[in-house]
Structure formats: C-alpha cells, structure tokens
Amino acid sequence: MRYSGLKVIKEALTGHKGWTPAWRDPEPKPSYDFVIIGGGGHGLATAYYLSKIYGERSVAVIEKGWIGGGNVGRNTTIIRSNYLLDGNEPFYEFSLKLWEGLEQDFNYNAMISQRGIMNLIHSDAQRDAFIRRGNAMILNGADAELLDEDQIRAEYPFLNFNDARFPIKGGLAQRRGGTVRHDAVAWGYARGADSNGVDIIQNCEVTGFRIENGTCLGVETSKGFIGAGKVAACVAGSSGRLMAKAGMRLPIESHVLQAFVSEGLKPVLPGVITFGAGHFYVSQSDKGGLVFGGDLDGYNSYAQRGNLPVVEDVCEGGMAIMPMIGRARLLRMWGGIMDMSMDGSPIIDRTHIDGLYFNGGWCYGGFKATPASGYTYAHLLAKDEPHPTATAYRFDRFEKGRMIDEKGMGNQPNLH
Amino acid sequence: MTQPTQKNRLQGGLIDRSEKFKFIFDGKDYFGHPGDTLASALLANNVRLMGRSFKYHRPRGPLTSGSEEPNAMVELRGGNRQEPNTRATTAELYDGLFANSQNRFPSLAFDAMAINDRFSNFLTAGFYYKTFMWPASFWEKIYEPIIRKAAGLGSLSMKADPDVYDKGFLHCDLLIIGAGPSGLIAALTAGRAGARVILADEDFRFGGRLNAETFAVNDGPAQDWIAETLDELRSLPNVRLMKRTTVIGAFDHGIYGAVERVSDHLKTPAPDKPRQVLWRIYTKQSILCAGATERSIAFENNDRPGIMLAGAMRAYANRWAATPAQRIAIFTNNDDGHRTAADMHAQGVEIAAVVDTRPNQPVNLDYEVISGAQVINSKGRLGLTFAELKLADGSSRTLECGALGVSGGWNPNVHLTCHQRGRPTWNEDLAAFVPGGTLPPGMSVAGAANGTLSTHGAFETGQKAANAALRALDLKTSRRKLPEAEDAPLNITPFWYVDGASRAWLDQQNDVTVKDVKLSHQEGFRSVEHLKRYTTLGMATDQGKTSNMGGLAIMAELAGKSIPEVGTTIFRPPYTPTAIGVLAGRMRGKEFHPTRLTPSHKWASEQGAVFVEVGNWMRAQWFPQPGETHWRQSVDREVLATRNSVGVCDVTTLGKVDVQGADAATFLNKIYCNGFAKLAVGKTRYGLMLREDGIAMDDGTAARMAEDHFVVTTTTANAVKVYQHMEFVRQCLFPDLDVQLISTTEAWAQYAVAGPNSRKLLQKIVDPEFDISNDGFPFMACGNITVCGGLRARLFRISFSGELAYEIALPTRYGDALIRKIMDAGAEFDVTAYGTEALGVMRIEKGHAAGNELNGTTTALNLGMGRMVSKAKDSIGSVLSEREGLNEADALMQVGIQPLDPTQKITAGGHLMNADGPVDAAHDQGYVTSAAYSPILERSIGLGFLKDGGNRKGEKMRLVSPVTNLTVEVEIVSAHFVDPEGERLRA
Amino acid sequence: MIIHHPTLGPRDSAEFVYLGDASLINRPDPTAETKAQDFHDYAYLRDNPAGPIRELWFHEGGDRSWLVVTRDTTTHEITAVEFARDVARKQGRSV
Amino acid sequence: MHDLTPLNALAGDAPANDTIGTLTLTENPELALASVAARKGQERKCKAALKQLLGKPAPGPGKACLRDPEAAFWTGPDQWMVGAPYDTHEDLADQLSKLLGAAASVTEQSDAWVCFDLRGAAMEDAMALLGPLNIQSMKTGDATRTSIHHLGCFVIRRDPSDWVRILGPRSSAGSLHHAIIAAMKSVA
C-alpha cells in the first residue's frame with residue numbers, strides 16, 4: 001500500500017479501517033537465492049536494495065527476535081559523513097546521499113533532519129586534525145565548515161564559555177549531518193523490501209550453517225533448515241557468536257555502548273554537538289528529549305546494559321560543556337552491543353567459505369551507515385565484487401597492514 | 001487578587017496545621033502546610049487542573065499521588081533554578097514555593113494548542129511516518145520546524161545550574177529499598193542482628209503506603225508503630241536511614257545508584273551544601289520493598305481533571321487531608337476501590353456511588369454500590385462534572401461528581417528486578433507481573449513489590465526476606481512476633497477497558513489511546529517492542545508505570561494471546577528520572593578534570609605568561625613582554641633569543657619512568673625498536689617505541705645513569721599509556737626479567753636550557769666540581785650532579801631545539817627557586833623564558849616529530865626512521881611492522897614544506913597535490929602535520945607526510961586547504977630546516 | 001563492577017584499565033617461520049565469546065598489577081581473578 | 001649547603017591549614033619518601049633489611065608500618081614506600097640504597113607527592129564523598145591506593161583513627177585540596 005496525503009486524509013475520515021500491516025509475516029520457504037541473517041537496519045536495507053536495485057526476488061531476511069530490535073532501535077540517531085580516511089569518507093558520503101533521498105525512495109517518513117553536526121575544538125592540535133579532516137571531506141565531495149570561537153558563540157550561546165576547563169576554540173561543522181527517527185528506518189526498509197517480495201521471517205534464530213566441502217548451502221534455524229544460494233551475515237553485535245558457528249574467529253570484539261535520553265524539553269539544541277575534550281555528544285529529538293551518549297563501557301559484553309562510571313563520565317562531559325542541563329532529568333538509559341573492529345572500521349566481504357558473506361565491525365557508527373551498508377552489501381551479494389565505495393572493507397587488510405584507523409588507536413577495539 | 005481558601009481541606013492528615021506556607025502557582029497565591037506536596041496543596045485549594053498532555057494538549061489533573069505521576073508536571077522555581085517537568089505530586093511544599101504550569105499557550109485554562117485535539121483523527125499512532133513527505137523539501141523547511149516548536153514539555157532556564165551536587169560512596173551488608181511496612185520490619189530484623197543496614201525511601205516521610213491508609217497496627221494507629229520502629233532504628237548505630245533517597249538503579253555486583261534530595265524541599269540549598277547527592281551503594285544483599293503502583297481502567301474521556309487512581313484519592317484524603325472534590329465516585333474491579341469510598345466517606349466527602357464491574361457486590365448503608373456496571377464516558381471541559389454509566393442491564397445513567405477514583409488493580413514495582421535484564425512473571429490472582437526469573441544477585445523482594453499486597457503479608461515477607469539475607473551474611477536470624485495488621489485479599493476480576501472504547505487513554509502524557517493500540521495491531525506492530533515504539537506507549541516520563549499494562553492487555557486480547565505471551569517490556573534505570581547535574585557531581589566547570597601545574601607555574605604567572613591546556617597540564621604558551629601586541633611577536637622573540645643566546649623552558653611535563661634492575665637494558669631492548677644494550681653508562685639515547693601492530697606509539701630518551709638504572713622519558717601526552725604498556729611488557733610478556741618500574745614524572749622539576757650560551761649559563765648553576773665542558777660532558781651525556789652549592793640534580797645533554805642544550809632536573813620543591821636562579825644567573829646573556837609555542841617552532845625548524853606526527857597511524861618508515869627498527873633483535877612491533885601495506889614503495893615519508901613565495905603562509909591540515917592535475921581525494925599526495933613561522937628563516941615552514949617523500953625533495957607542489965580557503969604553491973625540502981648537520985648541538 | 005583483587009580484596013572496576021582478551025599474554029615466537037601469520041592472529045583475531053572470557057585488567061588506581069579476570073560477558077559475573085604475571089609464568093613465559 | 005628555598009606543593013608562603021566544622025586539613029611538607037622494590041630473587045633479603053630498618057616486618061598488602069622516624073607502607077607486590085621526616089632524611093633514597101644494596105631498586109619519591117592530613121570526627125563522612133574507598137573497613141595502620149576525583153592517591157589510616165593521611169600527585173595538589181575542602185564543607 002502506498003502512503004499518500006490523500007490516503008491519510010481518507011483514512012482519518014473513515015476511522016482508519018483501511019490500513020494494512022506494514023509487512024507480511026510469512027513462513028519460511030525451503031530455500032531462497034539469498035538468505036540475510038539479521039533483521040536490523042543493515043539486514044533490511046540489504047534486502048531492500050537487493051530487491052529494488054539488483055532486481056533479486058528470492059530473498060529472505062531471518063531475524064532471531066523482532067525486526068528493528070537491535071542497534072537500529074537503540075542508538076543516538078545521528079547521521080554524518082565527517083570521516084578522514086580514503087577508505088571511509090567516500091562510503092559514508094554515499095550513505096549520507098542515500099539518506100537524503102530515502103523517504104521518497106521508500107515512501108516512509110523517517111524524519112530525516114539535516115540540522116547539522118558540530119565537532120567542537122579545544123586545542124590547536126585538535127584544530128590541525130580537524131582542518132585535515134575537513135579538507136578530506138571536501139576533497140571527497142562532502143561538505144565541511146571550520147568555525148572560530150566567535151562563530152560558535154553566536155550559534156551556541158548556551159555552551160560553557162565562562163569557566164570551561166577546556167575552552168572552546170572553534171568547531172568543525174557538517175551542515176548536512178543530522179538525525180533520523182531510527183525505528184522508522186527499520187520499518188521503512190522492511191515495508192519496502194516486503195512490497196518487493198522479500199520474506200521477513202521474525203522469531204527465527206539461526207542455530208548453525210550447513211557447510212559442505214567449503215561451500216555454505218544454507219542455515220539451520222529454529223524454524224528448520226533454509227537453503228540458500230548465498231548466505232549473508234549481518235548481525236552487528238552478535239557477529240562473533242554467529243560466525244563461530246561457521247568456525248570463524250573475527251577481528252572483532254563485542255562491547256556495550258550506553259545511550260541516554262532526557263525527559264521532553266522545549267527545543268534548545270539546533271543540531272548535533274560533540275564535545276572534543278570530554279566524552280559527550282548530544283542532539284534533541286522531535287519529541288524534545290535530549291539524546292546523548294559518550295564512551296563505551298570499555299569491557300567485552302553481550303549484556304545490553306552498562307554501569308554507573310560511564311553514566312557519570314558522560315554526564316560530567318555534558319555538564320562541563322552545557323551547564324544549563326543540570327536540572328533536566330535523565331529519563332532512560334540503555335546499552336547496545338557494538339561490534340568493535342580492530343581498526344574501528346567495518347568489514348563487508350566474502351568469507352573463506354563459498355556462499356557465506358559477512359557484514360560487520362561497525363563499532364558505534366553503524367546507524368549512519370545503514371543505507372550504504374545495505375546498498376554495498378547488496379552489490380557484493382549480487383555481483384560478487386565490492387561496491388566502488390566499499391573496496392577497502394576487506395578481511396585481509398589486517399594481514400596486509402592496510403588498516404583504516406581513523407583514531408590511530410591500533411588493535412585495541414575499546415579505544416576506537 | 002482574591003486568595004482561594006483551602007476549600008477542599010479535610011480533617012486530620014499528616015500535615016502540620018500550626019504553620020502556613022504561602023505558595024504561587026501560575027501567578028496565583030495559595031496557602032498550604034508543612035507536609036503538603038504541591039499537588040495536595042492545590043487540591044486542598046480546589047485546583048484540579050494542573051497540566052496539559054503532550055500531543056493533544058488535553059487538560060489534566062493529578063492521576064497519582066507519587067513519583068509515577070504523568071500529568072501534574074510543572075516548572076518549579078524560577079530564574080536559573082527553573083526545573084521543568086517537576087511532579088507536583090512529589091514536590092514538597094515550602095514557604096514561598098513558586099511554580100508555573102507548562103506546555104500550554106497562552107494559559108493553562110485556555111491552550112491554543114488544544115486545537116490538536118480536534119484533529120486527533122489525523123494524529124493517530126504512526127501518523128508522522130505516513131505523511132509530511134510531499135514535496136520532499138517541505139519536511140525540514142515547513143513541517144519539522146512546526147512539529148519541533150510544539151515538542152517537549154517544560155523548558156530549561158538556558159542558564160548554568162547554580163547548585164552544586166555531591167557524589168558519595170557507601171558500603172553496607174544490606175540495602176533495603178523502600179520504607180513501607182515490609183521495609184521497616186526488614187530493617188528492624190536485620191538491624192537488631194547487627195548487620196550494616198541502609199534503609200532508603202524516595203518519600204520525605206517513612207512509612208510507605210501506611211501513611212496513606214487508616215489501618216490499625218497492633219490495634220493502634222499505624223503512625224504509632226512507625227514512630228516506635230523509627231526510634232529503635234535510629235538507636236542502632238549500624239542502621240542508616242535515608243529518606244528523600246531514590247534508588248535509581250541496580251548495577252553489577254551489588255552496586256546500587258541512589259539519589260538523595262538533600263535540599264529540594266528548601267527554597268535554596270544552604271551555602272556550600274549540595275542540592276542532591278548521588279550515592280554509589282556497595283552492598284552484599286538487598287531487599288526490594290518498593291510497593292506497588294495502581295493502574296487505571298480505559299473508558300472514553302478517562303483523562304479529565306478530577307479522574308484519578310482510587311488509591312491516590314485515598315492518599316490525598318488520609319495523608320494530606322485533601323479531596324479533589326466534595327462529591328466523588330469510585331470505579332473499580334477489585335475490593336481496594338471500596339476502601340477509598342469508605343475512607344472518603346469517613347472524611348465527610350459525599351460518595352455519589354461506587355461502580356464495580358463485578359456482579360453482586362455487598363450493599364452498604366452509607367452510599368450506593370452499583371454492581372456489574374461500568375463508567376463508559378465522562379463530561380466536563382476543564383474538570384470532571386459527570387460520569388456516564390452503563391448498568392448491568394445495559395441501561396445508562398449519569399452520575400454527578402467532581403472526582404472519580406478509578407481502581408484497575410495494582411502492579412508490583414518490579415523495576416529494579418529488571419535492571420540486569422531479569423524478566424517478571426505473570427500472576428493470575430493479581431492479574432499483574434511479579435518479580436520472577438533471575439533477580440540481580442543478592443536481591444530479594446518483599447511486600448507489595450513481590451505481589452503480597454496486605455499489611456500482614458508485608459510484615460511477614462519483610463521479616464522472612466531479612467532473615468534470608470542474614471543467613472547469607474552468616475548473621476544470626478530471629479523470628480519475632482509480627483505486628484497485628486489487616487490481611488485482606490484484593491479479589492480482583494481483571495477489567496482493562498470498556499467495550500467499544502476508542503478515545504480512552506492508556507498513556508495519559510503521550511496521549512496513547514485504545515484506538516492507537518488497535519491501529520498498531522492492525523498495521524502489524526504487535527510485539528510489545530513494536531507497540532511501544534510505534535505508538536509511544538510507555539515512553540512518557542513515567543516510563544510506562546501507569547500505562548504499559550493496559551496497552552499490553554488490549555494487544556493480548558486483539559492478538560488472541562495471553563498477556564505474558566505478548567511479552568513484557570523490561571524496565572531500565574533510572575527508576576525515576578534523575579537530574580543530569582547529580583550524575584555529574586562536582587566534575588564541572590574548572591573542576592571538570594584535575595589541573596596539573598608545573599614547578600615554575602607560580603613564577604610564570606608572575607611573568608604574565610599565557611597558559612595553555614596540554615592534557616591536564618597547564619603550560620606556559622608564551623611570555624608576553626611590554627609592547628608586544630600579537631602572540632607572534634612574543635614567540636618570535638623567544639625563538640630568536642634562544643637561537644642567538646640562551647632560553648629556558650619548563651619541560652617537567654614529559655613523562656619520566658625510573659627503570660632499574662639487572663635486566664633493565666634487556667627490557668628497553670624489548671620496548672624500543674632500536675637497541676639499548678650497548679648504551680654506555682653516562683650516555684643518553686633517543687628511543688622509538690612501537691605498538692605491537694608496528695605503528696609508532698611514542699618516542700623519548702633513555703639515559704643510562706648506572707649499569708642497572710635508566711631514566712626514560714615519554715611524551716607529555718602518552719606518559720600514562722606508555723607506563724601501562726611498560727608494565728604489561730614487564731608483567732605479562734617477560735615476567736622473569738629483573739626490572740622494576742616507577743613513575744618519577746612528578747618528583748623532578750626539569751628545565752631545558754638551550755642556546756649557544758646555555759653552557760656558560762649552567763656553569764654558574766652547576767657546582768664547579770662537575771665538568772660540563774664539551775669534552776667533559778659531550779652531546780648526549782647524562783649524569784648526577786649537584787647545583788647551587790650541593791643540591792642533588794641530574795643533567796642531560798639533549799636537545800629538542802637543535803641548539804647546544806641541556807635538560808637539568810632537581811627535586812620538584814626546588815623547581816621554583818631554580819627558575820628564578822637561572823633567570824638571575826642568565827641576565828648577562830639576556831636569558832629568555834620560552835613557552836610551548838617557541839618550543840614547537842624550534843622543533844619544527846629542526847624537523848623533530850611530535851604529537852602531530854606520532855598520530856597513531858605512522859610507522860618508523862613514515863617518520864624517516866625505518867633503519868632504526870633493529871633486525872638484530874626482537875622488539876615489540878618489529879614483526880608486524882614488516883607488513884606489505886606498511887612498506888610500499890610510495891609510502892608516506894616525513895618531509896619539509898615551504899611556500900615558494902616566502903610571504904605566504906601554510907597551514908597544518910592542508911593536503912598536498914601535484915603541481916598540476918585535478919585536486920581531489922583520488923590525487924591526494926599527502927598532508928601537512930605541523931606548520932609554523934620560522935623567525936630564523938623568516939618564512940612559514942611545515943612538516944608533513946608525502947607519498948615517496950624521500951625522493952621528491954625540490955619538487956613543486958600545491959598545498960590545498962579548502963576548509964580554510966587556502967591554496968599555496970610549495971616546495972618539498974628537507975625536514976631539517978635549521979642546522980641539518982647538527983653542528984650547533986654538538987658545539 | 002567489583003573486581004576481587006587477589007590481595008587487596010573487592011575494588012571498584014573504575015580503579016582499573018581494561019586491555020582485552022588474556023590471549024594477549026601469548027605473544028608468538030618472533031623467530032618462527034610462521035611469525036607473520038602468528039602475529040596477525042595474535043594481534044587481530046578474537047574468540048569474543050558470549051559467556052566466560054579471560055581478560056586483562058590493569059590496576060592503575062591500585063597496586064599497578066596486571067590481572068587476569070574470568071568474567072561472563074552475558075551476565076558480567078566474575079568467577080576468578082589472578083595475577084597476570086603468575087598466569088604468564090604458568091604458560092611458560094619467562095624472559 | 002645550597003641556597004635554594006623549597007616551595008610547598010600548594011605554593012603558599014606557609015603550608016595550607018584549614019578547619020571546617022569538626023575537620024582539619026593540613027598540608028604536610030615535612031615528609032621524605034622513597035620507593036623500594038625488591039630485585040628478582042632478592043625478596044627475602046629486601047624484607048629482612050626493611051625489618052631491620054623498621055623494627056618490625058615489612059608491611060603486607062594494604063598495610064602500613066606507622067613508626068618514627070622511618071615508616072613504610074605496601075604499594076605493590078614486593079614494593080613499599082618508605083617515609084621519614086624530611087629535615088633529617090632529605091637523602092632518604094641514598095640512605096636506603098646503602099642499606100639495601102643490590103637487594104632492591106630504590107627511587108626518590110619525596111616530591112612526587114603532596115601530603116595532606118585530614119583529622120576530625122566527620123573524617124569518615126568526608127572520605128565517603130571523595131571516592132569508592134571503604135574507609136569504615138580500614139583500621140589504624142591500613143594503607144591503600146585509590147582514586148579521589150580521578151587522582152590516584154594513597155590513603156593511610158593513622159592513629160588515632162579519626163586521622164587519615166592522603167598522598168596525592170604533587171602537580172595536582174590544588175585540585176586535590178579543592179576536592180577535600182568541598183567535601184569537608186558538605187559534611188560540616
């Protein structure tokens with residue numbers, strides 16, 4: 001069913017009798033050309049683009065729980081393409097461009113809102129690094145803007161300019177950055193994929209892979225065996241757990257990242273702000289809640305919950321940069337499992353097992369990558385060659401010494 | 001203005017009538033008493049309308065009498081203490097309290113945004129997702145700004161929070177959460193047994209539900225028993241009573257977060273006292289005695305001011321001697337609703353009727369009981385006037401009443417049992433979820449929180465839980481006679497919503513109605529997670545405490561499943577919303593991070609130095625002299641003075657590690673890629689440290705003070721990280737090496753004395769028995785010396801500036817005296833203090849790598865030190881540094897960069913492009929890491945990394961920096977701009 | 001979290017710095033034929049178990065010991081804490 | 001004798017001394033410190049030498065030996081911090097090196113630390129606002145390292161037990177002092 005202004009009015013006047021389920025709830029077929037494991041944002045986007053761009057009709061997405069219940073439903077909703085390295089920037093810029101056309105593309109309002117993202121600068125060395133980054137962004141066809149202290153003061157008068165421990169010396173802005181209604185992304189892709197004939201199978205857990213002499217023939221699931229021409233893993237924080245069933249060890253650790261939302265407040269923040277001298281970033285949702293976060297808890301975890309020290313650390317950062325939020329109340333906090341890779345950058349690649357593909361290692365940056373991750377993964381699956389914007393996301397980059405390390409932290413995932 | 005009297009104030013209650021508090025709500029004056037909340041005082045003053053809902057801006061009054069309140073939220077206090085979304089139901093009244101209603105325009109009684117209510121047919125669940133898409137550009141330009149303008153509830157002051165917050169840490173054997181009957185008896189039992197007990201309650205009065213009831217305990221008033229109990233608890237030194245303290249979360253390993261509201265019941269906190277304290281409570285055992293929350297029943301227009309939960313209505317009457325109206329009715333599906341009627345009647349409030357969904361309820365001489373009936377609708381614009389009933393026989397009837405108490409049953413407060421992902425289980429008798437499955441380790445649950453709703457049951461389970469905890473603590477248990485108390489059952493017959501109800505509210509704040517849940521089901525959003533996210537049910541500030549169950553029950557019915565089959569939403573911290581300020585505590589403003597001062601800080605301040613943050617250090621950036629109007633003037637002067645005569649700079653911030661032991665040299669051979677075994681005693685060597693992945697981690701010097709003693713320096717930024725790494729290598733990789741490490745960064749003040757006259761100057765400081773002539777103390781020498789007549793010190797002949805230079809170290813307490821001494825002794829050479837800027841200029845002139853070059857992605861090869869990586873020995877990082885990607889023919893190499901036109905300036909962060917050809921990422925040749933104006937060369941110079949840089953000296957290129965609108969033609973030169981042969985530093 | 005230090009008893013994990021999987025103790029033989037592969041696997045591949053894991057914590061705010069902590073990544077329950085130095089020796093590491 | 005005048009950690013003309021409510025906080029510059037780490041295989045020798053110096057066994061984990069003039073507390077496996085009055089022991093490290101010879105690595109630590117003495121009835125309440133340390137479980141003679149407002153500090157419970165000695169990083173003396181004073185005011 002297509003959503004339109006007319007449809008909305010008609011339904012409003014006729015008691016909303018005509019709305020139908022956003023997606024079907026089918027039983028799995030014996031086999032598909034493509035079986036995508038994971039009904040999160042990336043998996044659903046992959047199915048959507050496989051069916052829409054690459055014309056594939058025999059596609060299933062299998063999800064252990066309910067679609068959109070993973071990181072796409074528990075993140076801070078930020079989109080941006082302010083990356084430094086050649087391996088990353090073209091990919092994230094491609095993603096941002098897809099975001100910009102997404103709502104019309106899948107006929108669902110995901111409330112994409114490009115109110116901008118501002119990375120604050122607190123030292124000369126940081127300015128040097130941000131100038132290099134801003135230039136890299138522009139040279140890759142993205143937008144970037146360097147602001148001095150006065151410009152920041154004019155745009156964000158409520159920041160701490162009085163008694164800051166680390167004074168604000170400027171900022172690097174990407175005006176096209178912003179936020180998206182995260183749940184709607186999963187639902188929009190699901191609805192779009194479903195209408196292209198993709199089977200979305202919920203409450204179906206993968207229990208193993210059927211691999212015969214080096215080739216993956218399908219997956220064993222809680223709903224029985226499902227055969228597949230190609231099996232595409234796309235399970236973010238569960239990557240280690242899942243790929244172990246195929247006997248693989250990954251350059252990935254699972255870590256918990258907490259996120260926070262305040263009670264609804266009248267609008268105060270124009271866009272996204274990141275504090276360059278503390279672990280804090282924040283935006284304000286269309287409902288009025290301050291949505292903010294900071295560092296990983298720092299230890300391996302699959303528990304989807306964190307602990308107090310990081311909660312306090314994040315709020316200290318918030319109070320340091322924005323002392324006006326002291327009397328606002330934290331409403332909810334939650335934890336997502338991040339698939340932290342060894343260089344902070346993702347992997348979209350074949351595995352050494354024929355017919356088994358892998359997409360993961362998104363660290364805490366997976367949400368903004370959703371459209372491009374789906375698009376480029378679909379490209380790899382359909383054409384068996386990497387999409388031009390994702391050629392660097394290979395497994396073997398660590399053997400070859402071609403890491404994509406934006407932060408320069410080396411092989412310690414919790415520092416990326 | 002006329003001052004309303006306390007028209008709806010009843011007799012009795014736990015308020016202090018001897019004192020009168022004046023307060024202001026929406027500009028109007030009222031009076032209340034100590035013990036009141038803002039809500040109880042307003043009700044007593046016959047004010048029911050206290051707020052507006054989020055989406056439809058429907059008029060609202062209090063639904064509850066506690067922290068779960070979704071409706072009666074106000075902006076409390078004014079000015080920079082304005083506090084949005086404050087529950088009137090928990091805000092303690094104080095004299096002069098000032099509050100405004102929120103989320104309405106222009107006034108609470110007339111809210112223009114209430115127009116949304118007229119369009120409610122459009123604004124259904126999921127409405128936004130289906131519309132506002134045409135034309136594409138309109139979402140951000142037109143639609144979203146309108147939506148955002150309407151967003152939110154209360155507003156921030158936009159000014160810094162003036163209050164301070166503390167953090168505290170408490171350790172105990174047993175934490176009891178909630179001081180109702182179960183919590184009090186548990187505390188008594190454990191306290192008597194000698195356990196270290198903390199009893200915390202969010203209320204400002206201990207007693208929990210007993211404060212709101214008229215029950216007898218031991219045939220006397222419950223308050224008497226509470227008073228006796230508290231007296232005994234106060235007499236026990238091992239028991240800590242914490243009221244106004246909300247336990248917000250159950251974290252790993254028995255750590256609980258709790259917020260104590262120290263000053264919120266005062267107009268302003270006392271001087272130097274915190275507004276609130278965040279306590280981190282470490283406990284071995286805990287008992288959750290958090291009680292239960294009543295739930296409503298969904299019927300058409302069940303959200304009018306005056307319609308509240310029956311238990312809340314009873315609490316207002318019994319505890320606060322306030323009634324929402326003089327004539328009230330009750331709508332219930334269980335026996336508890338009848339208690340409210342009885343208590344209100346006893347308080348002299350007129351009971352229009354008790355409407356019970358259950359058939360054949362006992363009649364009553366005092367007021368009418370209507371069995372098998374339902375309230376199906378309500379009337380009244382800004383407050384309830386009539387309730388419409390559907391009677392057992394299907395006929396209808398209208399009840400005139402100003403308030404309606406609704407009781408749909410009670411939900412145990414299981415929240416903290418879920419904070420470690422435990423899921424509650426369904427209890428048929430209560431028609432509610434009770435704690436089940438896996439509780440946080442060490443936690444047990446008692447009283448209503450565990451589904452035991454009677455007072456007797458609370459006493460019984462409280463004592464039982466306490467004894468279980470005592471057993472776990474190996475303390476003596478005791479079983480005393482329990483106080484006598486009521487033990488009535490609830491007798492509930494589940495009834496969630498009246499047939500055909502549509503605009504019947506489930507989530508009152510977010511305006512989620514039965515209709516929305518039906519639509520959510522119709523569109524396939526049927527799991528509890530999808531329901532929540534699609535309709536926003538339970539996403540309000542009460543976190544679903546008053547709304548989730550109703551929605552769940554309706555979804556279950558629509559899906560033909562049982563409630564537990566549809567699922568439970570588990571609760572997350574915090575239990576109630578928590579001020580961000582208290583989670584930050586003292587770590588804000590200048591105290592956000594500790595500040596580290598160098599030994600010369602006092603002296604430098606006296607010189608008017610400009611300081612800069614370097615990590616947590618404050619370092620002198622430059623020393624402005626009279627007449628200097630621009631920082632460049634100061635920095636140029638400092639550089640020239642140093643290069644031409646002598647300068648001094650505080651370099652204490654460099655990390656220093658004392659490395660001792662028979663295997664000290666072997667150890668350094670492991671952590672540095674270059675060799676140290678053969679370094680002679682009395683000599684210093686530059687060392688490059690790699691990470692195991694072959695990337696440069698840090699650099700510094702190692703001075704061999706003795707065969708088995710080195711003093712190692714690290715960069716300022718990496719001192720902590722490098723020390724950890726060294727301990728890792730020592731303890732985890734080579735555990736049997738005889739080597740001992742300790743940081744001495746703070747112990748020694750260290751100054752760089754640089755320039756042609758540095759030796760002459762130091763010869764006036766260093767005691768004469770030490771020969772520091774070029775032969776006696778050549779380049780890279782080091783040794784223990786004495787200065788100024790016998791003070792122990794260390795001298796290193798090392799140079800970052802490229803000049804003849806020394807670093808001199810002595811005990812920190814003498815650092816201040818030494819800098820003054822050096823400045824005096826150096827007067828004849830015009831000795832000049834220089835800061836980090838001049839330091840940076842000189843190291844760039846000399847081509848020394850620093851933080852901008854050691855950026856975590858560069859290798860020894862990139863840094864032009866490829867040959868330093870010894871192949872003769874194993875060291876951390878040597879193997880992986882050989883990977884092909886790190887050794888390509890056109891690998892980035894450090895180069896020098898200068899503009900062709902000396903008057904032009906180059907910037908760090910600029911990218912290098914070939915002289916001609918396209919300017920884009922695909923043709924990127926490298927980038928500038930550091931740039932500075934060199935007063936010696938009288939031009940702007942820079943260091944950078946360039947592909948195959950080693951072979952491109954003399955090449956003309958373009959430096960582009962679009963983000964700073966800069967393009968400069970540059971020439972690639974040697975990174976050693978000054979004294980490439982190093983004659984000066986060996987002079 | 002609380003880490004029960006072998007000699008100092010229960011300590012708040014905020015006093016510690018986390019490194020990662022305790023397999024980082026098993027630095028490969030730098031002279032082996034297969035050293036390139038060995039060091040790649042050592043530095044980059046992880047079991048990343050959902051369940052018990054042995055991991056390295058540094059008692060930065062305490063006695064500066066590296067510890068090997070056995071912790072369940074699904075519940076965070078800690079079942080063992082040892083000195084990393086002892087573990088390393090047990091695994092045959094020396095000089 | 002040299003002619004350099006020392007500067008206290010808080011850079012005041014005199015050591016800081018504040019009394020708030022029942023609590024007194026004093027900056028104590030009169031403390032010489034040196035760390036002692038046993039060499040590999042020399043642990044027994046090292047402990048014996050310390051016993052000779054201290055007149056009682058070298059303190060074990062979490063313990064201090066409170067004694068004049070030399071005192072000591074445990075800082076890590078086979079590591080101790082030895083303290084003594086500064087005026088008589090400015091060269092403490094050298095004295096210890098002579099005493100311990102090849103049995104231990106000795107490092108001067110006198111000026112690595114600022115020393116605060118916090119005394120008074122409300123001491124435990126103030127300490128409860130400063131860090132996760134379980135001060136109530138510490139008895140006279142207990143010593144341990146902990147974090148106070150992100151600063152690694154040693155805390156030694158002295159005699160009488162309403163007295164703690166706090167050793168913090170000298171360069172952050174001001175921040176540490178500020179934090180302790182704030183806590184003293186909160187509990188006053």
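Guide: Gladly, and keep in mind that this is a predicted model. A residue counts as buried if 20 or more other C-beta atoms lie within 10 Å of its own. B:Ser878 has 21 C-beta neighbours inside 10 Å, so B:Ser878 counts as buried.

Visitor: Where is B:Ser878 found in chain B?

Guide: B:Ser878 sits in the loop between helix H21 (836–846) and strand E46 (892–899) of chain B.

Visitor: And which residues does B:Ser878 touch, not counting those up to four places away in sequence?

Guide: B:Ser878 touches B:Cys673 and B:Val869, and also C:Pro30 of chain C. Distance along the chain is another thing to check: B:Gln904 is 26 residues from B:Ser878 in sequence, and their C-alpha atoms are 41 Å apart in space.

Visitor: Now domains. How far apart do the C-alpha centres of domain 4 and domain 6 of chain B lie?

Guide: Those centres lie 30 Å apart. The contact takes 16 residues from domain 4 of chain B and 15 residues from domain 6 of chain B. On the domain 4 side, helix H16 (631–644) and H21 of chain B each give two or more residues. By class, that side has 7 nonpolar, 3 polar and 6 charged residues.

Visitor: How many residues of chain D are in contact with chain B?

Guide: 40 residues of chain D are in contact with 40 residues of chain B. Strand E3 (31–38), strand E7 (104–108) and helix H5 (173–187) of chain D each supply at least two residues of the chain D side. The largest share, 7 residues, comes from H5(D). By class, the chain D side has 14 nonpolar, 19 polar and 7 charged residues.

Key: Residues are numbered from 1 along each chain as its sequence is written. Chains are lettered from A and ligands numbered from 1 in the order in which they are written. This is a predicted model: local features need pLDDT of at least 70, side-chain atom pairs count only at pLDDT 80 or more; totals for chains, interfaces and linings use all residues. Two residues are in contact if their C-beta atoms, placed from the backbone, lie within 7 Å. Helices (H or I, at least four residues) and strands (E, at least two) are DSSP runs, numbered from the N terminus. Ala, Val, Leu, Ile, Met, Phe, Trp, Tyr, Cys and Pro count as nonpolar, Asp, Glu, Lys and Arg as charged, and the others, Gly among them, as polar. A residue is buried if 20 or more other C-beta atoms lie within 10 Å of its own, exposed if 12 or fewer, and partly exposed in between; C-beta atoms are placed from the backbone. Domain bounds come from an automatic or database domain assignment.
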